[in-house]
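Please read it with the structure open.

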Amino acid sequence: MADLPLINLTIEGVSLSVPKGTLVIEAAKQAGVMIPHYCYHSGLPVAGVCRMCLVDIEKTPKLQIACATQVAEGMVVNVHGAQAREARKGVLEFLLINHPLDCPICDQAGECELQDYVFQEGRARTRYTPTYAKRFNPVEDFGGDVLYVPNRCILCTRCVRFMDHVAEESILNVSERGDRAYIGIHPDRRLDHPWAGNVVDLCPVGSLLSKDFLHKARAWELDKTASVCTGCSQGCNIHLDTRDNVVVRARPRANLEVNQYFMCDHGRMQYRWMNRGDRVEAPLVAQGDELAAVSWDHAFARAAQILRGASGRAVVLASPRAATEALFLAKRLLARFELTAAFRVERVSGEAPLAGVPNLALRGERAPNVMGATLLGYAEQFETALQALNRSAVVLVVDDPLDGVSADQLRAAGHVIYLGTALPDPARAAHVVLPVANVAEEDGTFVNRDQRVQRYFQAKPAPGMARPAWWVLGELLAELELGGPFGSAAEAFAWLAAEEPRFGGLSYELLGTRGAVVPAGQPAGVSA
Amino acid sequence: MGYPHNPHPKEMVVLSQYFGDAEARTYDGWVKRGGYQALEKALAMEPAQVIEMVKESGLRGRGGAGFPAGVKWSFMPKEKKKPHYLCCNADESEPGTFKDREIMRWTPHGLIEGCAIAQYAIQAEVTYLYIRGEFTEPLRIMEQALAEAYQRGVLGSNAMGTGKRLDMYIHRGAGAYICGEETALMNSIEGRRGNPRIRPPFPAAYGVFGMPTTVNNVETLASVPHIINRGGAWYKSLSLSHPKSTGTKLFSVCGNVKRPGNYEVTMGFPLGELIHEVCGGVPAGRTLKACVPGGSSVPILTREEAESCKLDYEGCVEKGTMLGSGGLIVFDDSADMVYQIMRLARFYAHESCAQCTQCREGTAWTVRILQRILAGQGEQKDLELLLDLSEQMTGKTICVLSDSCAAPVVSGIKKFRGEFDAYINGTRRPRPVLVHA
């Protein structure tokens, strides 16, 4: 876009210059003006059907739709002039005549664009005679996670265009004509495309609903936190929605460099394990055959005692779901040992691409931070590392679930320190158990498969005494006078950036909410 | 379908000269009547010369919009980089219009010839003849004529022996009125749902299959051979009023007249004369109340307006209506205007493609209000509401279908308010209507 000539125009009195070819609706966003719209979506081809974005452009005889009109030199756009407002009021009134006023039982209420715009600039009362019938069609299960409530549909066709042009699996259409129209589905097909759940987010009203989220929470009760999906190594940007400190759903967060506006259905369901109840809530140390709950200070003292007294070989078994900070600090903690750092990752054959978006797929590598681990020198050689245990003085486990690993295997090492969110059976062989927060409970970073370092934010408190791994490891490092402690994930990351050349120059501030790519073999810069 | 009437002396018979002459449907019969000479002549000219000649004639689109045909053709890229297409719009579905049907029924070769000339002028490889789904007889006749035209070497890889390639295919519609809108027609040809497209891009830049395309009405294209044969100046001289309305125009007259049918008159012919003399006037004992001159989409005229209206593009605009497609619907004093307007609105509500909000919801709402008034349950404020809705439905959508629904409603309320009032205040007995759109 940078080499396109700039066009000067005025929108609602704000003068601005935008590249040639920009749509008025996008230019308005840059001028700080939100033009109401339904069918337009930056991630979909323009339809121009809802007629909600009609604006008054000086020197044109009729109102124009901002979503299909390109900027022109000297153009003067009035968004909130009397004519445009009247037209939008008209559209809102038309949309409501066949729309049930069932907001009190509608999942979309509170985040409904119809509700919002009607309150913003619609009529206070309808002129539609109450005895007239409203269009009625029964609720239909489209398959996958999607439920269609045709009565609420405003026929914006975003879902149809998503399936046609983004998923490239044309199984939705507009069926019938006139006010009898509804969204139809191919009679022999289900909406089970791996990315089909996006139609629920795209729907501006409560017509396409998630079965998983159905009647679970009201939109205004939700706290939204920027996060990164843990479903695979793609690193889709997401929002975690929580209510009363329980994650209730995940939704895509726009990042044009990674996932545009979308996330896959597999990723959507990842929030479930974030709420698991069987968590370790207190530090534990081995006393005889038992693990006893102790204070953090006691646990740190014991762990430090182990580390001080050991020498020779050590092993880190890390989860590629752990934060980059934790992976870095774990290695620093054992820096004076002859260290084997390993991870394992679930690999599924085949990817599920979103056809219409380049380089976007549910990847076979089902963990978010494989690249982070790799960049920090962890090897995907879990079995080799297990075999090295009997020659090792210490094994530090960083939230690997230890599936298929026996307690005896772990005991082969001199000492076992286990950092984990839960306590799988083999972990009972540990000398010290340090409870840590999961992805929803801490700040941290993941590095996606394209080497983009991305931050995620704390969405809910950790249970009991569990703390973020960067805090736990920082305290332990400080105890051993090797570094730390850290007051925040940002401080931990700053140390990482200072020590690891591949992360050089990066900081939480620079990463922001969109992340930055680590350039190959040189200090990292920040992409625009 | 029967045979047409014998021409009235006041008619100016050009397009309809062979209506009713079954022999003219065949290739031999058509050639005997001077057919395909114009095509031969045109193929010997440069495409630009053909366009110039049509521009000179002043021929304007007969489908409703009245855009100058030669100018439209000249929008096609001069330097050909992609395939060009011509679409002949034979999806004649405007209520009250049935002229293209007769052109296809009686002079199929005349239409093929016109298409071939236009196709050559805009340098198109292919013409698509988009024929309305319900037109079974015209379809059969056109298919026969097209096969014959290929057999006789009019079309194909060596069209008229000139070595030029001219191909023509018939595409049958499936019964949607909206497919007569040119961009919906192109979607329909492509096999998509017949929804109008947003413009720009315009068809001349991005038309059917994304290629430069011109869409012309049947009557427009059928007029072209006559212009080539007799010259642009001759065609331009056919005008009784405004110099920008030239040639002859077919009017499909229906409703309360003694002799309904297709009548061809010179542009600028008085509307009153067409109704009262040429068509024999309204039935005995009745008086003219109103008429719609250009198909159901245009504003209604009162008797006074109709009797002083000149039938050309400018004359109709002067009376606040449009020449449209030339579908003349006549109402005598027995007509219930409220019912008639509801009936028209119901057509549009049924045919709305459902894309634009105002049209999808507005047309159906309009019908419900009109039905409520007819049922004797209307209120005065319903009329204000109808006008307000019509305002919202005008000039705000992708195509003009909702404008077309609003036009008769607005003009009807304005000009025949008394009839609406009679239903509302109870002086007229309620009329049972089928209560659904």
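This is a predicted model: local features need pLDDT of at least 70, side-chain atom pairs count only at pLDDT 80 or more; totals for chains, interfaces and linings use all residues.

1. Chain A overall. Chain A holds 14 helices and 25 strands. Its C-alpha atoms fill a box of roughly 85 × 50 × 40 Å along the principal axes. Of its 528 residues, 51% count as buried. Take the contacts in chain A with a separation of 6 or more: residues 24 or more positions apart account for 61% of them.

2. Domains of chain A. The chain is divided into domain 1 (6-94), domain 2 (132-275) and domain 3 (284-503). The C-alpha centres of domain 1 of chain A and domain 3 of chain A lie 51 Å apart.

3. A:Glu12. This residue is found in the loop between strand 1 (6-11) and strand 2 (14-19) of chain A. A residue would need 20 or more to be buried, and 12 or fewer to be exposed. Leaving aside neighbours within four places in sequence, A:Glu12 is in contact with A:Ala31, A:Val33, A:Asn78, A:Val79 and A:His80. A:Gly81 is 69 residues away from A:Glu12 along the chain, yet their C-alpha atoms are separated by 8.8 Å.

4. Helix 2 and helix 3 of chain A. Helix 3 of chain A covers residues 113-121. Helix 2 of chain A packs on helix 3 of chain A at an angle of about 135°, with the axes 10 Å apart. The two are therefore oblique to each other. Their crossing is left-handed. Helix 2 of chain A brings A:Arg85, A:Arg88, A:Lys89, A:Leu92, A:Leu95 and A:Leu96 to the contact. From helix 3 of chain A come A:Leu114, A:Tyr117, A:Val118 and A:Glu121. By class, the contact of these two helices has 6 nonpolar, no polar and 4 charged residues. For the spacing along each helix, recall the general rule: an α-helix has 3.6 residues a turn, so residues three or four places apart point the same way.

5. Helix 12 of chain A. Helix 12 of chain A spans residues 469-479. Of its 11 residues, 9 are buried, so the helix is largely enclosed by the rest of the structure. The buried residues are A:Ala469, A:Trp470, A:Trp471, A:Val472, A:Leu473, A:Gly474, A:Glu475, A:Leu476 and A:Leu477. Just after helix 12 of chain A, A:Glu481 takes a positive phi of about 60°.

6. The contact between the chains. How many residues does each chain give to the contact? Chain A gives 25 residues and chain B gives 27 residues. On the side of chain A that touches chain B, the largest share is 6 residues, from helix 2 (residues 82-97) of chain A. By class, that side of chain A divides into 15 nonpolar, 5 polar and 5 charged.

7. Domains of chain B. Chain B is divided into domain 1 (22-237), domain 2 (248-332) and domain 3 (337-424). The C-alpha centres of domain 1 of chain B and domain 3 of chain B lie 35 Å apart. Their contact takes 10 residues from domain 1 of chain B and 8 residues from domain 3 of chain B. The side of domain 1 of chain B in this contact has 7 nonpolar, 2 polar and 1 charged residues.

8. Helix 8 of chain B. Helix 8 of chain B runs over residues 182-189. Here 7 of the 8 residues are buried, so this helix is largely enclosed by the rest of the structure. They are B:Glu182, B:Thr183, B:Ala184, B:Leu185, B:Met186, B:Ser188 and B:Ile189. What do the buried residues of helix 8 of chain B pack against? Their partners are strand 1 (85-90), strand 2 (126-131), strand 4 (164-172) and strand 5 (213-217) of chain B. Just after helix 8 of chain B, B:Gly191 takes a positive phi of about 90°.

9. Helix 16 and helix 17 of chain B. The axes of helix 16 (residues 380-392) of chain B and helix 17 (residues 401-415) of chain B come within 9 Å and cross at roughly 145°. The crossing is left-handed. B:Leu383, B:Leu386, B:Leu387 and B:Ser390 of helix 16 of chain B meet B:Ala406, B:Val409, B:Val410 and B:Ile413 of helix 17 of chain B. The residues of this contact divide into 7 nonpolar, 1 polar and no charged.

Notes
Residues are numbered from 1 along each chain as its sequence is written. Chains are lettered from A and ligands numbered from 1 in the order in which they are written. Two residues are in contact if their C-beta atoms, placed from the backbone, lie within 7 Å. Helices (H or I, at least four residues) and strands (E, at least two) are DSSP runs, numbered from the N terminus. Ala, Val, Leu, Ile, Met, Phe, Trp, Tyr, Cys and Pro count as nonpolar, Asp, Glu, Lys and Arg as charged, and the others, Gly among them, as polar. Domain bounds come from an automatic or database domain assignment. Axes are lines fitted to C-alpha atoms, for helices over the stretch in contact, and angles run from 0 to 180 degrees between N-to-C directions. Angles under 35 degrees count as roughly parallel, over 145 as roughly antiparallel, 65 to 115 as roughly perpendicular and the rest as oblique. A crossing is left-handed if the near helix is turned anticlockwise from the far one by less than a right angle, and right-handed if clockwise. A residue is buried if 20 or more other C-beta atoms lie within 10 Å of its own, exposed if 12 or fewer, and partly exposed in between; C-beta atoms are placed from the backbone.
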